[in-house]
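Work through the exercises below with the sequence and the structure in view. Try each task before reading its solution.

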Amino acid sequence: MSQGNSCVPAGREPAPACTVREALDRVGGKWSIGILVAASRGPVRFTELERQVEGISRRMLTLTLRNLERDGLLHRRVCSPKVEYTATPMALELYESLVALTGWAERHRAAISAARAAYDREHADPE
């Protein structure tokens, strides 16, 4: 996973649209939303995040945490032997939007599943 800005030509400043896209990609990522919601509720330990973010591998959790910290959305605090993550003020500003988005997904997941099944039936290849 590249940590550089892939859409900025060498020696040039990032274009505003590119920066916005990258920010949205980071906060809207598959694992980022669950991590940010959990960390916005208060300090959370790595092992707690492993349990709360369904389906995430230890490696992907580590990479996502590192990227969110790099982007200024999480603060990492080492209290030997444990490590805690807390949302920064910038991430806390996102909290209500993320909760609304996850709530919407929860409310509509059955309808989305039904729509997919109907689409697949209508567009199935006749054999």
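## Layout of the chain

The chain has five helices and three strands in its secondary structure; helices (H or I, at least four residues) and strands (E, at least two) are DSSP runs, numbered from the N terminus. This is a predicted model, in which local features need pLDDT of at least 70 and side-chain atom pairs count only at pLDDT 80 or more, while totals for chains, interfaces and linings use all residues. Residues are numbered from 1 along each chain as its sequence is written, and side-chain values use heavy atoms, with hydrogens and water left out.

**Exercise 1.** State the order of the elements from the N terminus on, and the share of residues that are buried.

*Solution.* Step 2: apply the cut-offs, where buried means under 20% relative accessible area, exposed over 50%, and partly exposed in between (1.4 Å probe, protein chains only). Step 3: of the 127 residues in the chain, 26% are buried.

**Exercise 2.** Describe the second largest pocket: its volume, and which helix gives the most to its lining.

*Solution.* On a 1 Å grid over the protein atoms alone, a cavity is a set of points where a 1.4 Å probe fits but cannot get out, and a pocket is an open set with protein on both sides within 12 Å along at least five of seven lines; lining residues have an atom within 4 Å of a point. Grid points are joined across faces, edges and corners, and a volume is the space filled by probe spheres set on the points. Step 2: the volume of the second largest pocket is about 330 Å³. Step 3: its lining includes Lys-30, Trp-31, Ile-33, Gly-34, Val-37, Thr-102 and Ala-105. Step 4: helix 2 (32–40) and helix 5 each supply at least two of the lining residues, and helix 2 gives the most, with four.

## Helix 4

**Exercise 3.** Compare the span of helix 4 with its expected span, and name its buried residues.

*Solution.* Step 1: the expected span of a helix is 1.5 Å times one less than its number of residues. Step 2: helix 4 (residues 58–70) has 13 residues and reaches 18 Å from first C-alpha to last, close to the 18 Å expected at 1.5 Å a residue. Step 3: its buried residues are Leu-61, Leu-63, Thr-64, Leu-65, Asn-67 and Leu-68. Step 4: just after helix 4, Gly-72 has a positive phi of about 80°.

## Salt bridges

**Exercise 4.** How many salt bridges does the structure hold, and which parts does the pair of Arg-26 and Asp-71 tie together?

*Solution.* Step 1: a salt bridge is a side-chain nitrogen of Lys or Arg within 4 Å of a carboxyl oxygen of Asp or Glu. Step 2: there are five in the structure. Step 3: one of them joins Arg-26 and Asp-71, with the closest N and O atoms 2.3 Å apart. Step 4: Arg-26 lies in helix 1 (residues 16–27) and Asp-71 in the loop between helix 4 and strand 2 (74–79), so the pair ties together parts that are 45 residues apart in sequence.

**Exercise 5.** Which residues are linked with Glu-84 in a network of salt bridges, and is Glu-84 buried or exposed?

*Solution.* Step 1: Arg-77 pairs with Glu-84, the closest N and O atoms being 4.0 Å apart. Step 2: Lys-82 also meets Glu-84 in a salt bridge (3.7 Å, N to O). Step 3: Arg-77, Lys-82 and Glu-84 are therefore linked in a network. Step 4: Glu-84 is buried at 14% relative accessible area, while Arg-77 is partly exposed at 47% and Lys-82 is partly exposed at 33%.
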